[in-house]
Amino acid sequence: MRRLITVIVAAMLLSYALAIYFVMYYEVQYGDTLVGIAKSFGVSPSTILDWNGDLNPTMLKVGQELVIPIPDGVVYEVKKGDSIDAIAKRFFTLPDLIKKANDLTSDLIFPGQKLFIPSEIIGLAFNDTKTFIWPVYGDISSPFGWRIHPITKKWAFHTGIDIAAPLGTPIFAADSGIVEYAGWYKGYGNFILINHGKYKTAYGHLSKIDVFVGEYVRKGELIGRVGSTGISTGPHVHFEVRLDGKVVNPMTYLPSPGLKYVYNGSIKWVGGEK
Ligand SMILES: [Zn+2]
């Protein structure tokens with residue numbers, strides 16, 4: 001045991017020295033919970049869900065093997081046309097920090113390359129001056145209100161805003177709250193609903209859900225990944241704000257689109273203590 005600990009500590013020191021990460025494999029024991037395992041490894045439950053494809057967070061199986069990154073963080077697979085700058089924006093962080101975390105000496109990246117994004121650098125550039133932070137870095141492809149539906153071609157009310165972003169772009173909780181729904185929901189595809197008390201926020205068409213019902217999530221915490229599930233014409237997030245059960249225009253509660261990413265030199269984590 002002692003030897004194992006020595007090896008793990010040595011591996012950790014080495015990975016920190018090289019500014020990279022390593023993964024641990026953990027076999028689920030009787031009585032384990034996702035939150036408990038996450039706590040003992042010092043990572044968030046959403047990290048474990050993000051790394052373990054088909055995991056059912058409320059029904060872990062004894063003997064099931066989990067992959068856990070040390071330190072806490074997620075992987076982003078580089079897409080065609082991506083740049084370090086663009087990826088940094090999607091994680092609301094700084095390009096230099098991504099380069100440092102991946103031991104890159106230039107801006108050269110290639111499609112398919114996997115970059116590790118440590119949790120501690122995610123969200124440094126969230127703009128937290130309005131009710132909500134932008135859940136995704138992307139352009140609005142369809143505003144709130146009446147429109148011709150892109151698929152049915154019929155006049156219909158759009159209950160949220162569509163934020164276009166590449167497949168796999170991280171989605172963050174717009175505010176702290178309790179997850180009320182996480183799963184498939186009709187045309188929304190993979191869908192998350194978070195209850196913030198006065199407001200609720202909803203996120204549709206995800207490729208991956210990284211939260212579970214009843215979970216408390218912090219503002220800015222990773223909740224899933226952009227996809228095109230349900231009734232959708234391409235990768236985007238359908239983002240809704242509900243006030244007293246009625247949908248309202250999300251733009252009223254978000255910083256203006258040009259100010260969704262702000263970095264003023266001071267390192268700040270809006271989600272509070274991690
Ligand atoms: Zn939509």
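Two strands count as paired if DSSP finds at least two bridges between them. Helices (H or I, at least four residues) and strands (E, at least two) are DSSP runs, numbered from the N terminus. What I am showing is a predicted model, in which local features need pLDDT of at least 70, side-chain atom pairs count only at pLDDT 80 or more, and totals for chains, interfaces and linings use all residues. Residues are numbered from 1 along each chain as its sequence is written.

The protein chain has five helices and 17 strands. Of its 274 residues, 36% count as buried, meaning that 20 or more other C-beta atoms lie within 10 Å of the residue's own; 12 or fewer is exposed, in between is partly exposed, and C-beta atoms are placed from the backbone.

Now one hairpin. Strand 6 (residues 145-148) and strand 7 (residues 155-158) run antiparallel, joined by four bridges. Six residues lie between the strands, and Lys 153 takes a positive phi near 65°.

Two further residues have positive phi. Lys 186, not a glycine, is at about 45°, in the loop between strand 10 (177-184) and strand 11 (190-195). Lys 186 counts as exposed because it has 9 C-beta neighbours inside 10 Å. His 205, also not a glycine, is at about 75°, but its place is in strand 12 (residues 199-206). With 23 other C-beta atoms within 10 Å, His 205 is buried.

Last, a peptide bond. From Ile 70 to Pro 71 the bond is cis, omega near 0°. Pro 71 belongs to the loop between strand 2 (65-70) and strand 3 (73-77).
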